[in-house]
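Reader: I'm new to this one. Can you walk me through it?

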Amino acid sequence: MAKAEKFSVVGQRVQRVDGFDKVTGESKYIADIILPGMLLGKILRSPYPHARILRIDTSKAEHLRGVRAVVTAEDTLKRPWGAFFADQYILSVGKARYVGEEVAAVAAVDLDVAEEALALIDVEWEPLPAVFDAEEAMKAGAPLVHDDKKRNIAVTLDIERGNIQRAFAESDIIVEDTFQSAPQWHCSIETIGSVAEYASSGKYTIYMNSQTLFNARYRIAAALGVPETDIRIIQSAVGGGFGGKSCDDNNALVAAILARKAGKPVKVINSREEEFLAGCRPRVFMKIDVKLGFKKDGRIRAKHIRIIADNGAYSAKAPAITGVAAMRHDTCYKYSDVKTQAYLVYTNKIPTGAFRGFGNPSAEWAVEQAIDIGAHELGIDPMEIARINAAESGYVSPHGNRVTSCELKQCLDMTEKMMDWKKKRADKKPNTGLGLACTVHVSGKRHFGDYDGSSATIKINEDGKALILSGEGEIGQGVHTAMCQIAAEELGVRVEDVEISKADTDLTTFCLGAFASRLTYISGNAVKNAASNVKQQLFQQASEMLEANADDLISHGGRIFVKGAEGKFVTVADAARARLFRHNGAPIVGSGSFDADSVLPDKTRFGNESGAYNYGVQAAQVEVDRETGQVKVLQYVIASDCGTVIYPIGAEGQVEGGFAQGIGYALIEGLQFDEGRPVNPNFSDYRIPSMRDLPPLTHAFADSYEPTGPFGAKGLGELNMDPTAAVISNAIFDAVGVRIKTLPITPEKVLKALTEKG
Amino acid sequence: MVKFDYFEPKSVEQACAFLERHADEAKLIAGGTALLIWMRMMLLNPHVVVSLARIPGFDSISFDPKDGLRIKAGARHRDIELDPAVREHYPLLYETFRKVAQPRIRNMGTIGGNLCQGDPLTDPGASLIAMDAEITLTSSKAKRTLPLEKFFVDYYQTDLRPGEILIEIRVPLPARPLGWAHIKFLPRSQEDFATVGVALVLRGNALGKRRRSCAAKRSPMIESGRWRRWPRMKSIPWMTTAAPPITNVT
C-alpha cells in the first residue's frame, strides 16, 4: 500500500499552525475574552447530595449594590435537556440530586460582589435520603434519584451473540474475576468557561471553550427552547478537552440566561473546585465481572462480561459509554461467542461522562487482566496469547464492527522487539516483571443520529493562499495542523499557504466536533474532498491559461503544470486571480463532505459503529518495592496502528499524553467521596502525573494504511489511554505474584496484597 | 479572592509598623506559594497584604566558619539549594532543598514563608531541626531568638506572635565527620507532599557510637500517636532497624 514517504506535506514534521499564538500568549482563551460592559457570573450550588428545595429567596441578593441579575429555575423553561436522555435542568427544579448541582446564579460587576450575593440567596432545603453506590442504588427500597427510574436504572443491556453456554462448555479452562475501575477527572489546565451575549432580536452569541460546538448549539437551543439559528457559538482557544468540554454541563446555559436577564454580556468560568464538583463529567466508574473461556492452545472461546456503571445524578454520555465498555473490546480479538450485560445506574453523585477512552479504559482494565490470568494459568506467554487471538484486517466482530485495516500483530512484534521481551522474560529478576495489553479504538462513532460525518469549505484568496472553514475546532491536539497538511497535500501547495478558521456555528458548516478519535479520519476526509473540489476549479482555470487539458495537470508547491513539463506553469495565485478579476468573475471556493461507511447500531446494538478501527499494544517493565508496596515503572513501550501519520509531532503528543493520563489512572489519581461530597477537589489533594512521574517511553507507529482514510490515516487520540492500567497491573503480577483489582494501584493496596500473600 | 490593600515596605521596621497598625487584618506575603492558595480557596481573606519582597538584603545567605550559616527569611528555596556554602558545608540542606516540590515552586517560595506556614507536610523543617537551626523573630517591640524545634507547635501552628516577623535562620557549622540522610516517601506523584519525611544527622566522633539527631515529619494521614508531630527524636527504637542508610559521611 501507499506509504507516507510518497507524500510531500503529509507525514512531515511541520510547524504547528497555532504555535506562534500559543507561545506568544496571544491565543484568546475564555479568560482573555472581555466584551464591553461584561459582567461576571457565579453559581450557587447544592450543598446536599439529595435535597428538596422548599423555597428560594433572592431578594437580598438582588438588592446588593453591583448585582445586575439573579436567576433561578423560574428564569428557565424548566425543561430537561441532555445528550442522550433529557434528564438534567439548567438550574435545579424542585430538588437537587448531587453536591455541586446548579441552583441559582448571579451576574455582578465583579467577582467579589457576585460571591457576596450568592451568600445572600436564602434557600430552604429539606435533605432527602441519598444513595451513593451503584449496586446499593439497584436494590429494592433504595432512594430514587429520579422518581420515574425504577431501581435507579438508566440503561440495561443484555446481549448474546452466538451460543455462550455451549462456548463455555467447549472451553478447556475458565477464568472468572471482578475488577473495579475508578473515576478520573480530565484536569484540563483551563476549566470550563463561557461568555454569553444576548441581543434583543433574540440571538445569543456564546464564546465557549467547547470541543463540540454544533452539539453544544443543539443542546443549548433545546434547553432554552429557541431554534438553532438563534444560537451562535464561537470557539475560543481551548486549554484541554479530553471529553470534558463536550457540553454536558450547565456553564454556558447559566451564562446565557444571566446575559438575557442582565442585558449585558456575562462571563462564567468554573473555579478548579467547581470543575471537580460539577464541571467536566468524570470517567464513568464501573464494577466489571469478567468470565473468559480458553482452549488449551490459548484461543479465547467464550467471553461473558457484566458491568454495573455509575451514572451519577444525570445522564451525560454514560449511556453510550456503558455500551462501549460492554462491547468495544470484542473488536480487538477474534471472538465468536460473547455475552454482555450492563446496567447504568443513577446515584447522588456528579454525573459521569466522556473522558478519553469512553468506557474502553474500564473494560480493558478488566478484560486485559482476565486474559493475562488465562495466559498464566495456561502457561502461555501473554505475548503469544495476544498473537493467537489478535484481530486482523477483514475481521467482523460479533457486534458487526467491520475492520478494514488492522496491524495489531505488527504492533505485537514491534512491542516484543522494543521491550526485548523474550530476553527480559528469560532473565527475570526478583521483584521485577513484564506486563502487556492490547487495545482497539474507533475513528469516529455513529451515535448522534444517523450521521458520523463532517463538512468543510475551502476558499482561495487572491494571493493564492487557501483558507479552510471548519466547524470541528482545535482543542490543543493539533488537528488544525493536520487539516492544513491534508488540504496542502491535496491542493499541491505548501502547508504555509494554508490557514484554517476558528470554529463558529454561524460561519462554518455542520460539524460534530472532537470526540471518538474522529477528526483526522472524518474531518480529514471532508477537508480532502473540499480540497479536491477546489483543485478541480483551479485546474479548470489553469487549463485555459496553459492551453492544456485539465486532466493532464498536476500541482506541486503552489504551481500548476502539465505532468512532465514543470517549466511551464501558472501559480495557484495566478489562477485564483484570473478566475476572479474578469467578466462573470467568481472566487474559487469549494465544499466537501464525508460520512463514514458505518451503521447506526440497531436495538440490540448490532452494527458497524465506526468507519475504521485503530489498534495498539503497550508493555511495561516494573519493579515493586516489597517494603513499601511502591511500584516503579522501569521501562514502557508503545506501538500504535493509526494508519498513515499525518502530523507526526501532534501524533506523538497524543501517544505521550494518552499514556500520561493512563499512568495517572493506573497509579495516582482518585477522588474520594464522603457521603457524596468530594473530599479532595483540588490539585493539592487530587494529584495528576508530572513529568517526573513518567517512566522512559519508547514508541513507534506501525506501517499501516487505512483504505477509507484521508491518505490512509485513521484515529489515534484515545488509543493510548485505554490499556495502560491493565499493563501496569499485569506487570505487577508478573513481578510479585499479586493482582490488584481496584484502581488506582496505590502502594497501600500492593503492600496489603503482599502481606496477605505472605 | 476578596479585594485587599497591598503594601511594600522598604525595611523590616516599616513592615513591623504595618503589622502593628493593621493587627488582625494583615497577612505577610513573601513568595506567595502558600498564602495565595489559601486566599484563592477563601480560607484566608486578609484586608491588608504586606509584601516583604522590597526589603533590601532580606533574601541574603551568608556563611562564616565560626558563626555558621545565616539565611535571611526572604531567601528562596532555590537560592538555598544553589548556594555554594550550603552545598559545601551543609550537604543535608542541599539534599533537602534540592528535593522541595519542583523548580518553579522553589523559585518562588521562601524559607521564611515555609517555616511560618507551619505546614507539617513540607520538607525543610525536619532537616533544619536536625541541624540545630535557630531562628530570629522581630516585632516593633522586641527581638527574640529560639531553636526552630520550639517554634513548631502543631499542624499549621507556630509560636509566631502577633506583630512578629521571622527574619533569619542560623544554622551552626556541624562538627566533622558528619553522617546525614534525608528521605521522603511519596506514594503518589513525585511532586506531592511527602507522607513521611525523615532527616537524620550523625555527628562528629560519635558517629561510631550512633548518637543521633533526627527529625521526622509526617502527614496527618498516618496517625499513630507514637511520636509528637514535630519531634526531634533521640534514640527511638525503630531507628536502629529502619533508619535510612547513612551512606553520606562528610
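**Domains, helices and contacts**

Author: Chain A is assigned domain 1 (4–27 + 453–595), domain 2 (37–128 + 189–240 + 246–278) and domain 3 (286–446 + 601–757). Those bounds come from an automatic or database domain assignment. This is a predicted model: local features need pLDDT of at least 70, side-chain atom pairs count only at pLDDT 80 or more, and totals for chains, interfaces and linings use all residues. Residues are numbered from 1 along each chain as its sequence is written, with chains lettered from A and ligands numbered from 1 in the order in which they are written.

Reader: How far apart are the C-alpha centres of domain 1 and domain 2 of chain A?

Author: They lie 39 Å apart. The contact takes 17 residues from domain 1 of chain A and 15 residues from domain 2 of chain A. Two residues are in contact if their C-beta atoms, placed from the backbone, lie within 7 Å.

Reader: What classes of residue are on the domain 1 side?

Author: On the side of domain 1 of chain A that touches domain 2 of chain A, there are 7 nonpolar, 6 polar and 4 charged residues. Here Ala, Val, Leu, Ile, Met, Phe, Trp, Tyr, Cys and Pro count as nonpolar, Asp, Glu, Lys and Arg as charged, and the others, Gly among them, as polar.

Reader: Switching to helices. At what angle do α14 and α15 of chain A pack?

Author: About 35 degrees. Helix α14 covers residues 479–491 of chain A, helix α15 covers residues 519–546 of chain A, and their axes are 8 Å apart. Axes are lines fitted to C-alpha atoms, for helices over the stretch in contact, and angles run from 0 to 180 degrees between N-to-C directions. Helices (H or I, at least four residues) and strands (E, at least two) are DSSP runs, numbered from the N terminus.

Reader: Which residues make that contact?

Author: Among them are A:Val479, A:Met483 and A:Ile486 of α14(A), and A:Leu519, A:Val527 and A:Ala531 of α15(A). By class, the contact of α14(A) with α15(A) has 10 nonpolar, 4 polar and 3 charged residues.

Reader: Which residues of α3 in chain A are buried?

Author: In helix α3 (residues 111–120) of chain A, they are A:Val113, A:Ala114 and A:Ala117. They sit on the same side of α3(A), because they cover an arc of only 100 degrees around the axis. The arc is that of the directions from the helix axis to the C-beta atoms. A residue is buried if 20 or more other C-beta atoms lie within 10 Å of its own, exposed if 12 or fewer, and partly exposed in between; C-beta atoms are placed from the backbone.

Reader: What covers them?

Author: The cover includes β1 (39–45), α2 (59–63), β3 (67–71) and β5 (102–108) of chain A.

Reader: And A:Ala255, buried or exposed?

Author: A:Ala255 is buried, with 30 other C-beta atoms within 10 Å. A:Ala255 is found in helix α7 (residues 251–262) of chain A. Not counting residues up to four places away in sequence, A:Ala255 touches residues including A:Gly41, A:Ile206 and A:Val268.

Reader: Now chain B. How many helices and strands?

Author: Chain B has 10 helices and 15 strands. Of its 250 residues, 39% count as buried.

Reader: How many residues does chain B put into the contact with chain A?

Author: Chain B gives 9 residues, and chain A gives 11. The side of chain B that touches chain A divides into 3 nonpolar, 2 polar and 4 charged residues.
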